[in-house]
Amino acid sequence: MLRAMDSAVSGLRAHQNKLDVIGNNIANVNTFGFKSQSYSFKEAMYQTSTTSTKGSDNAGGVNAAQYGYGSMMGSISTDMGASTPTYVGGLNASVDGEGFFITFPKSTEDVVVAEMKKTDFDYTRVGQFNIDGNGYLTDANGNFVYGFRPNEVDKPANFEGNLLAIKVPSNVTGNDFDGEPLQLTNVKINSLGEISGTVKSTDPDKDGKTVSIGKVAIATFQNPEGLSKKGSFYYGAAESDNSGNASATIPGGSTSSLMTGYLEASNVDLAKEFSDMITTQRGFQANSKIITVSDEILSDLINMKR
């Protein structure tokens, strides 16, 4: 088979893969928390016809002569840059800077922050929160949101310790969470990630008391581009991946704060995507033309025998 046809076939595959990436970006232009991807090409293998040789006093040097075999996928990288927040109200929050919320499909025992990459947590930029029927803080898919519970001994409350699923505490007596199930109203989140609510009780000493449920944790990674997309606005991390060291802290200070009532929009740039789509389409068409020409040459060779 002609080398030109091999190159064109590899070019078609590479350009089709890039169109797949572009199509996915455009499809998610209105998906909260979506991070666009970019596709790059690299050269395929080469066949050396003449090697490069060093010149001498008796003969000049000769450059290498090589036949290329087209292109292939170089990399698919994710743009983790923050996008414009959109106000939606409610118990929602957007990370104002770097970092991710930590979620998990089930409520596990306390997780040491240093061990978080050993747990199959889901990380997301979409803070679409709710309080479920059991009092747990959950995201839009029902996953438990992890953070830190307040230490009731200290005033003001200290939010250090291990990660755990944030849950509405039991009845409040002073700063103690022991007792009957607690009913809260006007649950809200502030810019420092603290979830608080107002106690609703028949006891006048407790009714109207403001209580803190906990603070959501913000996870940061040395190399967030090393995270893997898991679908449904989640990212995954593992000990063997390239995301680097992971940490989890409360919002504020050196950690990104939150924008309450906001959700982060997609960072897809439609103008760029349409421009890339046109150039990729032209590249695909050019490669298909090479296949057509190669096929005509092969037909001519067959007709020569006839």
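**Notebook: salt bridges and positive phi**

I started with Lys 272, which is partly exposed at 40% relative accessibility. I note here that I am working from a predicted model.

**Lys 272 and its partner**

I looked for the partner of Lys 272 and found a salt bridge with Asp 276, with the closest N and O atoms 2.9 Å apart. Both residues sit in helix H2 (residues 270–305), four residues apart, so about one helical turn separates them. I then checked Asp 276: its relative accessible area is 19%, so it counts as buried. The cut-off for buried is under 20%.

**Whole-structure search**

How many salt bridges does a search of the whole structure find? I got seven. As a reminder to myself, side chains of opposite charge can pair when their charged atoms come close.

**Lys 117 and Asp 241**

I picked the salt bridge between the side chains of Lys 117 and Asp 241, at 3.1 Å from N to O. Lys 117 is in the loop between strands E7 (100–104) and E8 (122–124), and Asp 241 is in the loop between strands E19 (234–236) and E20 (246–249), so this pair ties together parts 124 residues apart in sequence. Are the two partners buried or exposed? Lys 117 is buried, at 15% relative accessible area. Asp 241 is partly exposed, at 22%.

**Glu 264 and Arg 125**

Next I looked up Glu 264 and Arg 125, whose side chains meet in a salt bridge of 2.8 Å, N to O. Glu 264 is buried at 1% relative accessibility. Arg 125 is buried too, at 4%.

**Positive phi**

I turned to the backbone. Most residues other than glycine have a negative phi. Which residues go against this? Asn 186 does, with a positive phi of about 55° although it is not a glycine. Asn 186 lies in strand E14 (residues 184–189). Its relative accessibility is 53%, so I logged Asn 186 as exposed.

Ser 232 went on the page as well, its phi being positive and near 55°. I placed Ser 232 in the loop between strand E18 (228–231) and E19. Ser 232 is partly exposed, with a relative accessible area of 43%.

Conventions:
Residues are numbered from 1 along each chain as its sequence is written. This is a predicted model: local features need pLDDT of at least 70, side-chain atom pairs count only at pLDDT 80 or more; totals for chains, interfaces and linings use all residues. Side-chain values use heavy atoms; hydrogens and water are left out. A salt bridge is a side-chain nitrogen of Lys or Arg within 4 Å of a carboxyl oxygen of Asp or Glu. Helices (H or I, at least four residues) and strands (E, at least two) are DSSP runs, numbered from the N terminus. Buried means under 20% relative accessible area, exposed over 50%, partly exposed in between (1.4 Å probe, protein chains only).
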